[in-house]
Amino acid sequence: LIYNFPESLFAEAGVMAIEHADFEGVERLSAVTGGDVVSTFDAPELVTLGECDVVEEVLIGETKVLRLGGCKSNAACTLVLRGSSTHVLEEAERSIHDALCILAAAVKNPRRIYGGGCTEIRMAQAVDNAVPTTAGKQALALAAFATALRQLPFIVADNGGYDAAELVTQLRAAHAKTQEEGGTSGLDMENGKVGCMKELGVMEAYKSKLQVLTSAAEAAEMLLRVDDIIKCAPRQREEMM
């Protein structure tokens, strides 16, 4: 918080000052400009000053904000989300948060796998190959698990507005031809066809995919362990006299 007198001194010296800034905002300014956060000016020669090329006031909707461009450090940035309703904004924020979490996981664990349903189809093929050699009811569980794996590319194609059944069958046929070589075929959602994920550069984080499969398998196992459902009897309504 800068009071009126110090602000007037800054203005006379041609220095722009931000009147109100919380501690989190000050830390972000320090990260993005490369400057130090100080509480006094007793030793200015020991302070590292931040740098940026542009500081301007812009209008976003009905709110005025300061934009800093060409910063020295670029260790932080601001994403501005706009939408027609609160629900749209919440969905956009959730999607960005998920994407950032996946990027963070990919940085910590750089192993990657092919996306576009390629991995799911190959896993489903491996499970299907184990079904004929498995006796008992475990074979039924394996077949159901393979079917569930194939639902993932089916949902991706369906969300893209394409004929999911047609694309998934084409994808299965492409992997059946290259099963021994290890196919890299997947769903090309831009063109609505089966393409090479290696050439298109469609990758997914191994850590994220492992977590998805583990969580789904644990949830299915938990549901299968339910042996009975207790249902409360509906409350009897009193007859109107």
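## Around Thr-184

Leaving aside its neighbours within four places in sequence, Thr-184 is in contact (heavy atoms within 4.5 Å) with Tyr-114, Cys-118, Gly-195, Cys-196, Met-197 and Lys-198. You will find Thr-184 in the loop between helix 6 and strand 4 (185-188); helices (H or I, at least four residues) and strands (E, at least two) are DSSP runs numbered from the N terminus. With a relative accessible area of 18%, Thr-184 is buried, a label that means under 20%, while exposed means over 50% and partly exposed in between (1.4 Å probe, protein chains only).

Please keep in mind that this is a predicted model, where local features need pLDDT of at least 70 and side-chain atom pairs count only at pLDDT 80 or more, while totals for chains, interfaces and linings use all residues. Residues are numbered from 1 along each chain as its sequence is written, and side-chain values use heavy atoms, with hydrogens and water left out.

## Cysteines

How many disulfides does a search of the whole structure find? The search finds 0, a disulfide being a pair of cysteine sulfur atoms within 2.5 Å. For Cys-196, the closest cysteine sulfur is in Cys-118, and at 8.4 Å it is too far for a bond. Cys-196 is partly exposed at 23% relative accessible area, and Cys-101 is also partly exposed, at 41%.

## Nonpolar cores

A nonpolar core is a set of buried Ala, Val, Leu, Ile, Met, Phe, Trp, Tyr and Cys residues joined through side-chain atoms within 4.5 Å. The largest one has 6 residues: Ile-121, Ala-157, Ala-164, Leu-167, Leu-171 and Leu-187. Helix 6 (residues 164-177) gives the most to this core, with 3 residues. A second, separate core has 5 residues, including Val-127, Ala-146, Leu-149 and Leu-213.

## The largest pocket

On a 1 Å grid over the protein atoms alone, a pocket is an open set of points where a 1.4 Å probe fits, with protein on both sides within 12 Å along at least five of seven lines; lining residues have an atom within 4 Å of a point. The largest pocket has a volume of about 1300 Å³, where volume is the space filled by probe spheres set on the points, and grid points are joined across faces, edges and corners. Of its 32 lining residues, Met-16, Ile-18, Leu-29, Asp-36 and Phe-41 are the closest to its centre. Helix 2 gives the most to this lining, with 4 residues.
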